[in-house]
Protein chains: 2
Amino acid sequence: MHKITTAEEAQAFIDRFDTFLFDCDGVLWQGKHVLDGVCETMDILRAKGKRLLFVTNNSTKSRAEYVEKFKSLGLTATEDEIFSSAYASAYYIKNLLKLPADKKVYAFGEGGLRTELEAEGIQVRGIDEDNDPINFDTLHTIKPNPEIGAVVMGFDADLTYRKYARAFTYLYHNPECTFIATNEDATYPIGGTVYPGAGALISPIITALGREPLYMGKPQQTMLDCIMLKYHLDKEKTCMVGDRINTDILFGINGGLSTLLVLTGVTTKESEAEASEIQAEYLANSLGDLYHLTK
Amino acid sequence: MHKITTAEEAQAFIDRFDTFLFDCDGVLWQGKHVLDGVCETMDILRAKGKRLLFVTNNSTKSRAEYVEKFKSLGLTATEDEIFSSAYASAYYIKNLLKLPADKKVYAFGEGGLRTELEAEGIQVRGIDEDNDPINFDTLHTIKPNPEIGAVVMGFDADLTYRKYARAFTYLYHNPECTFIATNEDATYPIGGTVYPGAGALISPIITALGREPLYMGKPQQTMLDCIMLKYHLDKEKTCMVGDRINTDILFGINGGLSTLLVLTGVTTKESEAEASEIQAEYLANSLGDLYHLTK
């Protein structure tokens, strides 16, 4: 692990790559606060003609909503630079799974997931439709539906048993129906603590089916397959920047990318980074160091 | 495995035991239809002074509601003969866990679970209280609560993310808080098909916590511990009657009871019973055979 501590090291790091993939929370910001020097580092990279891509496991927002979030924090990003697990799901279904146009997707998630699926021309059922509870007497009205070619599940704060029963029924009675999950993060960090995450909310279907989904998000490689197909990146000249060793750094290593671990999020100590079995190629105290060291 | 096919075998089987534990669905009835000869078999056993106990993993009904269900099907049972996983949870918390009176239970489940907990004098939170969804902006209002001494989870058709967030938060921030699940059945059979069961609906909390609950229901032994404490049965003279090898029969074997497998529910073929690693002591085509063979 090379620790970036001097202007020369920072410069050499920047010069080595054409493309930087950034995790967002814990790298660019923490909750609602942009981290020191991040805005300036992004300006430096853009000025040098680097491609920046923002790669997040969060499936609740559309890319347009992410652009608004960047703007509200004083950062700049375009929709084309955002790769969320919701968009990855839509991109995958359209371009890799190549779901036939007459098939529909049953989606369990937030509005951002529906937006991204529909933007790819996919017919969506589920989100906003099954928010009412259901009782034993009407459960039989949920029946197999061969029109549903894939079930996509992500974080859903409006989850209901009706939704679980539908997702399960479409998958259980049709082995051809593809089971996709946005991400496997078991907890969702918010306000300094954690709550059950997408990976937890998906587990009733895994348990009832006895079958695992295809995960889009980090550390799984499907999102990277989508990114490579869309942008045709040179892996030798691409670096994944993240704060989570088990997701971000593993994602980069497994994908054959270089990796930079920053200590502004989940991983906060150099000793933790050193003790881990998974070793990032580069280490920096913060992304902002690339600006502070070279200014 | 002794197959009961003659009057002598049926008589010897009945005479050997003082107490019969019966699974309900697939043994006494199928859906809304009582199985042939069951009513008469129950009459014979009662006339001989046998104790009958009805042991079900279903946590949605109170014992009083079960008595009504028996009555509606033309069968007789008293509340004292019913041992459901909801009642077992309440009995366990009161008599084995001995939860202090100032502690509360957060319950995720149906009304029958609340009824049984309250009947044991336990203060209940959750059921009927957290049916509204919650959004990211208000999630922080769900905070740890040291008053919650146990979280009990069962089947809940009115589940919400608010409920999951509460159950998780009480357990995650308090390792002293006991995590109890009514049963681990991953699917719930209804109307000739299956839907996600209690074991599936509990799994978000297991996944998010990385911690398993104490299961009350079959094949786990906690419900049997409760039954033994309440009725002081002689295990040598007690037989568990069921249709599911992996739950009912395993429950009986692990508990040191005799077992009778009937082929009127999940297991329908003698060849399946013979091929299983788990071998019931007795086999009969149906519970009604005890009447038909001896009449």
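Figure 1. B:Arg63 lies over the face of B:Tyr87, at 3.7 Å from the ring centre. The model shown here and in the other views is predicted. In chain A, the charged end of A:Arg63 is placed over the ring of A:Tyr87, with 3.7 Å to the ring centre.

**Figure 2. Aromatic pairs.** Over all chains, 40 aromatic pairs are counted. The ring centres of A:Phe20 and A:Phe22 are 6.3 Å apart and the planes meet at 20°; planes under 30 degrees apart count as stacked, so this pair is stacked. A:Phe20 and A:Phe22 are both buried. For B:Phe13 and B:Phe20, the centres are 5.7 Å apart and the planes lie at 50°, so this pair is tilted. Both of these residues, B:Phe13 and B:Phe20, are buried.

**Figure 3. An aromatic cluster in chain A.** One aromatic cluster is formed by A:Phe13, A:Phe17, A:Phe20, A:Phe22, A:Trp29, A:Phe54, A:Phe70 and A:Tyr282. Among its members are A:Phe20 and A:Phe22, the rings of which form a stacked pair.

**Figure 4. Helix α6 of chain B.** Helix α6 of chain B comprises residues 161–172. Its 12 residues should span 16 Å at 1.5 Å a residue, and the end C-alpha atoms are 16 Å apart, which agrees. Of the 12 residues of α6(B), 11 are buried, so the helix is largely enclosed by the rest of the structure.

Terms used:
Residues are numbered from 1 along each chain as its sequence is written. Chains are lettered from A and ligands numbered from 1 in the order in which they are written. This is a predicted model: local features need pLDDT of at least 70, side-chain atom pairs count only at pLDDT 80 or more; totals for chains, interfaces and linings use all residues. Side-chain values use heavy atoms; hydrogens and water are left out. Rings of Phe, Tyr and Trp (its six-membered ring) pair if their centres lie within 6.5 Å; planes under 30 degrees apart count as stacked, over 60 as edge-to-face and the rest as tilted. Buried means under 20% relative accessible area, exposed over 50%, partly exposed in between (1.4 Å probe, protein chains only). A charge sits over a ring if NZ of Lys or CZ of Arg is within 6 Å of the ring centre and within 35 degrees of the ring normal. Helices (H or I, at least four residues) and strands (E, at least two) are DSSP runs, numbered from the N terminus. The expected span of a helix is 1.5 Å times one less than its number of residues.
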